[in-house]
Structures are given as structure tokens and as C-alpha cells.
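I opened this notebook to keep track of what I looked up in the structure, entry by entry.

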Amino acid sequence: MPPRRTTNSRSEPTSTKKAPASKAKRSSTPPADPTSDEALLALDSTYAASPDMPASIAERELTSLARLARAQQARLSRIGITADRVDVLARFARRLGALEKAWQRARGAVKLTSAQRKLRGEAEALDAKLLAGGRWGCRKDPAAQAELSRIAEGSGLVDTIQDLRDLVAFWSEHEADLGVTDITRKDLQRATALADALEDAAANEASDASAAYALELRNRCFWAADELAKDVREGGRYAFRDQPKIAAKFVSRHRMSIKRRSRKKATVTESAAAPELGPEE
């Protein structure tokens, strides 16, 4: 038998110490992955807009930026660009590459003729060129920027065709700003011709749900990644403002090259427009 418990006749003083608070249990739910389908689809509809550069170029730039940020992590961490954020940036790069491949596979399954596919590629490139030119040439015009944002919404060939028509109208209204871009009048004429030629192809692609879904995910990933990349780039330029050579690495080479071409064309246009001064008599 177990020994009987004896009672002590002396009353023990009641302790006034509080029992230690139990530690809160850590949640077993892992933090949400911002690169997941669920997170991307939860973003605002504006994230479904067409990218302003090829996804393959964006993927390379994101990968390069993540590598640069990791190399300079010590200083970046002091201004709030943590290692976790850089890791997310790298994940976005990989995710964008995977979604671009998924989109290409899905659109490849849509039944289009080889001629239609070629025209579609040309139309998408021209759409991006006309939009990028507007962002730069009309950058000081809030109303123009709002109109470009409206045009850029949506995805797919149907939207690309409408973009081309809207952009031709846009540049008709902002003809004076063409001189500071690399857009030519032939580009605008070609935009109308492509829009007309691709109407039948657009009907085929729009009816394919898999292609539309893949494209939307790709676009959303692009802009979500771009949003984070801009923060890292701005932070890098701030953190290394005393080291211009390093700060200069925190820029998008693709977007910088577009600006340089536009500035070069503007200089040539201004020189051609200036009257030649003859010798004084």
C-alpha cells in the first residue's frame, strides 16, 4: 500500500508570488508565401496588367538584384532591407521564370496558325514599346499617365489588340511628345494593321481558359516582384549614396537603356529642328 499522507498541524504561509505566465505557443502555420498562386490572386486587379518588359529580362534582373543585395546585406539590413526580403526577391525571380514557361506552354496549346503566332509576338512587343514611350514621354502629365494605366489593364491577345488601338489614339492626342521617345510614325501605322490582322486569332485565345489563367498569374507575379524590386533598388541607392559605383548597380538596366535611347532621339530631334545660322553680313 502506498504510505498514508500525514497532515502538518502548522499552517504554512500562503505564497504571494504569482505563477509564471505560460509561454504563448508558436503558431504552427508557416507565414504565407507572397509568390504563391493564392497570394498573387489576392492582389488588386491592377497587378494583372501587362508587364512593361519581357518576363525573361525581368527574371534575369531580379536574380541579379537579389545576388547584389545579398553581397551588400550588412549595410542594407541597417536601413530595413532584411535578408528575408532579399530571399523573397530571389523566390519571385524563380517563380516568375516558372510562370512564364507555364504561360508559354498554355498559349502554345491554343490553335493558331504560324503566321498568327508571328503577328501576335510582334503586336505584344509593339504594345510594350508604345506604353513605355508614353510612360517616359508624358511622365509629367498626370492625366496621360492615368490613361496609360487604364490602357495597360488586362491581359491576353484581345487586350493587346485593344491596347494597340487605344495607344494609336493616345499618341494622336500627344503627338508633340513623340520626339522624346523612340516611337516612329511607322510604329503607329503598324499598330493599326496588326490590330486588324489579329481579330480572328484573339477570338481563339480568349476562349482558352487555361491560357488566360496562366497569363494572369504571370502578370501578377511580375508586378508583385517589381514592387519589391523597386524598394530594394531605392534602398540600395540610398544606402550607398556615398559610393556612386555601387549605387549605380541598383538600377534596372532595361529601363535605363530605354531612357537613354529616348534622350538620344530627343537630342537628335532638337538638333534637326534648330535653324542653321548663316554667317553674319
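**Entry: a charged pair under cover**

I began with Glu 100, which is buried because its relative accessible area is 16%, below the 20% that sets the limit for buried residues. I note that the model I am reading is a predicted one. I then looked up the partner of this side chain and found that Glu 100 forms a salt bridge with Arg 218, where the closest N and O atoms are 2.6 Å apart. Glu 100 belongs to helix H4 (residues 83-108) and Arg 218 to helix H10 (residues 209-239), so this pair ties together parts that are 118 residues apart in sequence. Arg 218 also counts as buried, since its relative accessibility is 10%. I wrote beside this the general point that side chains of opposite charge can pair when their charged atoms come close.

**Entry: the contacts of Arg 165**

Next I asked myself which residues form a salt bridge with Arg 165. One of them is Asp 196, with the closest N and O atoms 2.9 Å apart. This pair links distant parts of the chain, for Arg 165 sits in helix H7 (residues 157-173) and Asp 196 in helix H8 (residues 185-197), 31 residues apart. The other entry I made for Arg 165 is its salt bridge with Glu 199, for which the closest N and O atoms are 3.0 Å apart. Here too distant parts of the chain are linked, as Glu 199 lies in helix H9 (residues 199-206) and Arg 165 in helix H7, 34 residues apart.

Arg 165 is partly exposed, with a relative accessible area of 31%; Asp 196 counts as partly exposed at 47% relative accessibility; and Glu 199 is partly exposed, its relative accessible area being 38%.

**Entry: salt bridges over the whole structure**

How many salt bridges does a search of the whole structure find? I recorded 18 of them. I also noted a network of salt bridges that links Asp 52, Asp 226, Lys 230 and Arg 255.

**Entry: aromatic pairs**

I turned to the rings, where a search of the whole structure finds 3 aromatic pairs. In the pair of Phe 170 and Trp 171 the ring centres are 5.3 Å apart and the planes stand at 90°, so the pair is edge-to-face. Both Phe 170 and Trp 171 are buried. For Phe 240 and Phe 250 I noted ring centres 6.0 Å apart and planes at 15°, so that pair is stacked. Phe 240 lies in the loop between H10 and helix H11 (244-247), and Phe 250 in the loop between H11 and H12, so the pair ties together parts that are 10 residues apart in sequence. As to cover, Phe 240 counts as buried at 3% relative accessibility, and Phe 250 is buried with a relative accessible area of 0%.

**Entry: two glycines**

I looked up where Gly 156 lies, and found it in the loop between helix H6 (142-152) and H7. Gly 156 is buried, with a relative accessible area of 18%. Its C-alpha atom is 8.0 Å in space from that of Ala 202, although Gly 156 and Ala 202 are 46 residues apart in sequence.

Gly 133, by contrast, has its place in helix H5 (residues 114-137), and it counts as buried at 4% relative accessibility. The C-alpha atoms of Gly 133 and Leu 178 are separated by 8.0 Å, while the two residues are 45 residues apart along the chain.

**Entry: a charged patch**

On the surface I found a patch of positive charge, in which Arg 139, Lys 140, Arg 237 and Lys 259 gather. I followed up Lys 259, which lies in helix H12 (residues 253-273) and counts as partly exposed at 34% relative accessibility.

**Entry: the chain as a whole**

Of the 281 residues of the chain, 37% count as buried.

Terms used: Residues are numbered from 1 along each chain as its sequence is written. This is a predicted model: local features need pLDDT of at least 70, side-chain atom pairs count only at pLDDT 80 or more; totals for chains, interfaces and linings use all residues. Side-chain values use heavy atoms; hydrogens and water are left out. Patches are made of residues with over 30% relative accessible area and no salt bridge: like charges are joined within 9 Å, nonpolar side chains (Val, Leu, Ile, Met, Phe, Trp, Tyr) within 5 Å. Accessible areas come from the Shrake-Rupley method with a 1.4 Å probe; for residues, only the protein chains shown count as cover. A salt bridge is a side-chain nitrogen of Lys or Arg within 4 Å of a carboxyl oxygen of Asp or Glu. Lys and Arg count as positive and Asp and Glu as negative; His and the chain ends are not counted. The place of a charge is taken as NZ of Lys, CZ of Arg, CG of Asp or CD of Glu. Helices (H or I, at least four residues) and strands (E, at least two) are DSSP runs, numbered from the N terminus. Buried means under 20% relative accessible area, exposed over 50%, partly exposed in between (1.4 Å probe, protein chains only). Rings of Phe, Tyr and Trp (its six-membered ring) pair if their centres lie within 6.5 Å; planes under 30 degrees apart count as stacked, over 60 as edge-to-face and the rest as tilted.
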